[in-house]
Amino acid sequence: MALRLFNTRTRSVEPFSTYEEGHARIYVCGLTPSAQAHLGHARSFLFFDVLRRYLVHQGLRVTYVQNVTDIDDRSIATALERGGSWLDIIGEHYASFSASMRKLGVSPPDFEPRATEHMPAIVTMIGDLLQSGHAYVAPDGVYYRVASFPRYGAFSGRNLDELLVGARVAVGEQKTDPLDFALWKFAKPGEPSWPTPWGAGRPGWHIECSAMSASLLGVPFDIHGGGTDLIFPHHENEIAQTEALVPGPMANFWLHGGLLLFDGKKMSKSLGNFEPLAHLLERHDPQAIRLLFLQTGYRKPMNFTEEALAGATAGIRRLFDSYELLRAAPLVEPFADVAQQRFDAFPQRFFQALDDDMNTSSALSVLFEVAAEARALAQSGAASALAGFLQQGLELLGLDPQARCEEEPQLAADFVLRLQAALDAGAGAAALTLDRDALAAEAIAAVLAARTAARQRKDFSLSDRLRASLAQVGILVKDEASGSTWSIVE
RNA sequence: GGCGACAUAGCCAAGUUGGUAAGGCAGAGCUCUGCAAAAGCUUGAUCCCCAGUUCGAGUCUGGGUGUCGCCUCCA
């Protein structure tokens, strides 16, 4: 079975194929960093990250473009309000967004084009639209003439009459038809602007995607993505712009991710009903957030709750614990044939799930089953070839056990002092004196060594007090057959 | 008002072509371990309502109800 994806353009699940043999070209509408990024953005880009990993896994070369809308009305307005430059606002939010994506394990795009850095392509395209009669110059800007594109509305499933009923014309707009949309907005005094033959100003929102996708990927390309809220008008308008100039579809597959709701309402800039992504990532494990999103179908609307995230946090711990347990276990083969057959079914089910319109939830359930199975084996002394598959599966979904390992040494600077204090209070001053300059891990190892010695002497009371002292500073001790291990709680 | 989604156990959630329901979290019981923790085993669903098609429907059809999205910047 091969990968099948739901295509918004045809409203059906279709086998995925590329125009160019072995090369997938993807354009995803990125962020407009006029405000802080939120979890909803993370959900969307996380999905495309996994899609991208899967395509690469299938041996495709992937060119992934994700634009940055670095000029828009909101950032200009905010700059006017606060003082300072709109670019500073964009830069600040964009940097924070990038850092968050990195934390979440989202691979950086191959190209991250910014509207302001592609003005020539944008201006050229507007020129072409003017020349071909699809656009006209009005007193306040250049507009796309919707009536000139008969297919307008077909993509998003709307007809012009109905659109007309709901159409609103913003104050000051001087277009000839309410449905027309701006390709270029002439600058008012004090606004940032770029020169063009028909007047200085800035691009409308939609034109940058048409221009930049064409110049970086060519037309048609394979996948165009974004959130469902972009279907209309953004993607409808992109299509109108691009397809007015080029025959055939702008892109073959159109993929749209379901929106993230908070308190049953869409997270949105205008409502401001969200905690900035960067804040959230300070409080929560990015890998857990990743798991949370992948456990829900990407097209479904999804309500975010702290409770669900707590569940995912426990889930990711279990998955990673299993992974580490397996990694440590020696590889012993072969299995009995019957068992082997059963194990072979795991990868099969896993990949089938992903092939089925990227059903990451179902794929994950297979990994959880593998984890359980493998644990049982590791515990019984046998080891498992499943470790390799589990690792592959986790990697494909971008779940990275190493990401957690890196965090472990990052205990607070005064950790050793606090641990010593806990020991003095709990286990008695004579119990142990730690080297104040020791690394946290070394100090913990020293305490554990003392505890192991105590246990060997059957001095369980001291053993328990030492464990309690560690617990007080947030270290959880587990006794396993091979020795004691520790991990950080909270 | 127009268009479009979604409604499955306490919570999250999967469910190709219709054949009595994956997985995770939480809970309960048991096993193991000096005690814990961890782990393993066991345990839970008249699939929003009504009607219909069918031998058989979460899955198809019709009608309700509820929630949400787009139609204005928005992943």
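Trainee: Which residue takes a positive phi in the hairpin of strand 1 and strand 2?

Mentor: Arg11 does, with a phi near 55 degrees. The hairpin has four residues between its two strands. Please keep in mind that this is a predicted model.

Trainee: In which sense do strand 1 and strand 2 pair, and over how many bridges?

Mentor: Strand 1 covers residues 4-7 and strand 2 covers residues 12-15. The two pair in the antiparallel sense, over four bridges.

Trainee: What is the bridge partner of Arg4 in strand 2?

Mentor: The partner of Arg4 is Pro15. As background, strands of a sheet pair through backbone hydrogen bonds, either parallel or antiparallel.

Trainee: Turning to the open sheet of three strands, what is the order?

Mentor: The order is 12-11-13, and the pairing is mixed. Strand 12 (265-266) and strand 13 (302-304) are the edge strands; each has a single partner strand, so one side of each lacks a neighbour in the sheet.

Trainee: How many bridges join strand 11 to strand 12?

Mentor: Two bridges join them, and the strands run antiparallel. Strand 11 comprises residues 260-262. Phe262 has Lys265 of strand 12 as its bridge partner.

Trainee: Now the RNA. How many residues surround RNA strand B, and which are the closest?

Mentor: RNA strand B is surrounded by 59 residues, and the closest are Arg74, Trp205, Gly227, Leu230 and Lys266. Of the RNA strand B atoms that come within 4 Å of the protein, 65% belong to sugar and phosphate.

Trainee: By class, what does the surface near RNA strand B have?

Mentor: That surface has 25 polar, 19 charged and 15 nonpolar residues.

Trainee: Which helix gives the most to that surface?

Mentor: Helix 12, residues 360-379, gives the most, with eight residues.

Trainee: What lies 2.7 Å from a base nitrogen of RNA strand B?

Mentor: A polar side-chain atom of Asp464 lies at that distance. An N or O atom in the side chain of His41 is 3.3 Å from a phosphate oxygen of RNA strand B.

Trainee: What should the 19 residues of helix 1 span?

Mentor: At 1.5 Å a residue, helix 1 (residues 39-57) should span 27 Å. Its end C-alpha atoms are 27 Å apart, which agrees with that expectation.

Trainee: Which residue with a positive phi follows helix 1?

Mentor: Gly59 follows helix 1, with a positive phi near 90 degrees.

Trainee: Moving on, how many salt bridges does a search of the whole structure find?

Mentor: The search finds 21 salt bridges. In general, side chains of opposite charge can pair when their charged atoms come close.

Trainee: Which side chain meets that of Asp49 in a salt bridge?

Mentor: The side chain of Arg290 does, with an N to O distance of 2.6 Å. Asp49 lies in helix 1 and Arg290 in helix 9 (residues 286-294), so the pair ties together parts that are 241 residues apart in sequence.

Trainee: Does Asp49 count as buried or exposed?

Mentor: Asp49 counts as buried because its relative accessibility is 2%. Arg290 also counts as buried, at 0% relative accessibility.

Trainee: And where does the side chain of Arg25 meet a partner in a salt bridge?

Mentor: Arg25 meets the side chain of Asp222, at 3.9 Å from N to O. Arg25 is in strand 3 (residues 23-28) and Asp222 is in strand 9 (residues 221-227), so this pair ties together parts that are 197 residues apart in sequence. Both Arg25 and Asp222 are buried.

Trainee: What about Glu173: which side chain meets it in a salt bridge?

Mentor: Glu173 meets Lys175, at 3.5 Å from N to O. Glu173 counts as partly exposed, at 27% relative accessibility, whereas Lys175 is buried, with a relative accessible area of 17%. Elsewhere, Asp73, Lys185, Glu191 and Arg202 are joined into one network by salt bridges that share partners.

Trainee: Lastly, where is Gly157 found?

Mentor: Gly157 is in the loop between strand 6 (141-144) and helix 5 (160-166). At 57% relative accessibility, Gly157 counts as exposed.

How values were computed:
Residues are numbered from 1 along each chain as its sequence is written. Chains are lettered from A and ligands numbered from 1 in the order in which they are written. This is a predicted model: local features need pLDDT of at least 70, side-chain atom pairs count only at pLDDT 80 or more; totals for chains, interfaces and linings use all residues. Side-chain values use heavy atoms; hydrogens and water are left out. A residue is near a molecule or strand if one of its heavy atoms lies within 4 Å of it. A polar contact is a pair of N or O atoms within 3.5 Å; within protein, one must be able to donate a hydrogen and the other to accept it, and residues adjacent in sequence count only if both atoms are side-chain atoms. Ala, Val, Leu, Ile, Met, Phe, Trp, Tyr, Cys and Pro count as nonpolar, Asp, Glu, Lys and Arg as charged, and the others, Gly among them, as polar. Buried means under 20% relative accessible area, exposed over 50%, partly exposed in between (1.4 Å probe, protein chains only). The expected span of a helix is 1.5 Å times one less than its number of residues. Two strands pair if DSSP finds at least two bridges between them. A salt bridge is a side-chain nitrogen of Lys or Arg within 4 Å of a carboxyl oxygen of Asp or Glu.
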